[in-house]
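Subject: Handing over a structure

Hello,

I am passing a structure on to you, together with some notes on what turned up in it. Please have a look at the structure first, and then read on.

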Amino acid sequence: MAAARVDRKLLSKSFDWAKILAKVPDGSAARKDLVALRAKHDQLRERVDKNPENAAPIDFNHFRTLIAKPGFVDELEKTHKELSGKIPYPVDLYSTDITSREQEADKHFATVVTEAKDIAQELQVSLDEFNKIPPFENMTWEEFYGHFPKYEAKVNDMIYNWETYTSTQHIRDLWDGKLEGCEPTEDEKQAKK
């Protein structure tokens, strides 16, 4: 009976399954697991709902007609009445812990969502700045230097010493920061990751 009370308490919470499913991508393993969890939840709710909230009272008169031994049913009824109010239900030790963990998880998820939105906003700003840069083939040297000032000295050196920089590999090396004097900054290394 106590287990049924605990089940009723847990199953009394309502979940917005459509809202939860909307946050999980289609076809993912997590979505399949969530659908299975919802089915299991519905099965448990059905089983609990089939049982009445309180047990039906014992009909001792019915048992008196079935049992021939005199006084036996009267003794059972007397014992039942004595014990019915004295047997305590088990103390619920877990609900407060579950509630506190749920609140902690909600706080954690709120901070994770906030951090993710901040990162997404920073990345969107960087992407917008990068999209403002014209294609390299349409850029003049001055525009290139304006967007990438750290390459100006090395590019000018390449222009003045053109015969030593005739392969396209040097240009790739320049862009990747492999040539001396053009090592990528820590921010650029992080951006590549």
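**The aromatic cluster**

Phe136, Phe144, Tyr145, Phe148 and Tyr151 form a cluster linked by ring pairs. Please keep in mind as you look at them that this is a predicted model. The count of aromatic pairs comes to six. In one of them, the ring centres of phenylalanine 144 and tyrosine 151 are 6.2 Å apart and the planes stand at 35 degrees, so this pair is tilted. The tilted label applies because an angle under 30 degrees would count as stacked and one over 60 as edge-to-face.

Are phenylalanine 144 and tyrosine 151 buried or exposed? Phenylalanine 144 has a relative accessible area of 11%, so this residue is buried. Tyrosine 151 is buried too, at 4% relative accessibility. The cut-off behind both labels is a relative accessible area under 20%.

As background, nonpolar side chains tend to be buried together in soluble globular proteins.

What does phenylalanine 144 touch, once its neighbours within four places in sequence are left aside? The contacts of phenylalanine 144 are Phe136, Met139, Tyr151 and Val155.

**The salt bridges**

Now for the charged side chains. Side chains of opposite charge can pair when their charged atoms come close. This structure has five salt bridges, and I will walk you through some of them.

Arginine 64 and aspartate 74 are joined by a salt bridge between their side chains, at 2.7 Å from N to O. This pair connects distant parts of the chain, with arginine 64 in helix H4 (residues 60-66) and aspartate 74 in helix H5 (residues 72-84), 10 residues apart. Arginine 64 counts as partly exposed at 30% relative accessibility, and aspartate 74 also counts as partly exposed, at 42%.

Helix H5 also holds glutamate 77 and lysine 81, which lie four residues apart, about one turn of the helix. They form a salt bridge in which the closest N and O atoms are 3.5 Å apart.

Another salt bridge joins the side chains of arginine 101 and aspartate 97, at 3.5 Å from N to O. Both residues sit in helix H6, four residues apart, or about one turn of the helix. Arginine 101 is exposed, with a relative accessible area of 57%, while aspartate 97 is partly exposed, at 32%.

**The protein as a whole**

How many helices and strands does the protein have? There are 10 helices and zero strands, and the pattern along the sequence reads α-α-α-α-α-α-α-α-α-α.

The protein has 193 residues, of which 15% count as buried. Its exposed surface comes to about 16,200 Å², with 58% of that supplied by carbon and sulfur atoms. Among contacts with a separation of 6 or more, 40% are between residues 24 or more positions apart.

Finally, a word on confidence. The protein has a mean pLDDT of 79, and 77% of its residues reach 70 or more. Where is the confidence lowest, and where is it highest? Helix H1 (residues 2-11) has the lowest, at a mean of 52. Helix H6 (residues 95-132) has the highest, at 92, and this is the helix that holds arginine 101 and aspartate 97. Where pLDDT is low, the predicted coordinates should not be read in detail.

Best wishes

Conventions
Residues are numbered from 1 along each chain as its sequence is written. This is a predicted model: local features need pLDDT of at least 70, side-chain atom pairs count only at pLDDT 80 or more; totals for chains, interfaces and linings use all residues. Side-chain values use heavy atoms; hydrogens and water are left out. pLDDT is the predictor's confidence in each residue, from 0 to 100. Helices (H or I, at least four residues) and strands (E, at least two) are DSSP runs, numbered from the N terminus. Contact means heavy atoms within 4.5 Å. Buried means under 20% relative accessible area, exposed over 50%, partly exposed in between (1.4 Å probe, protein chains only). Accessible areas come from the Shrake-Rupley method with a 1.4 Å probe; for residues, only the protein chains shown count as cover. A salt bridge is a side-chain nitrogen of Lys or Arg within 4 Å of a carboxyl oxygen of Asp or Glu. Rings of Phe, Tyr and Trp (its six-membered ring) pair if their centres lie within 6.5 Å; planes under 30 degrees apart count as stacked, over 60 as edge-to-face and the rest as tilted.
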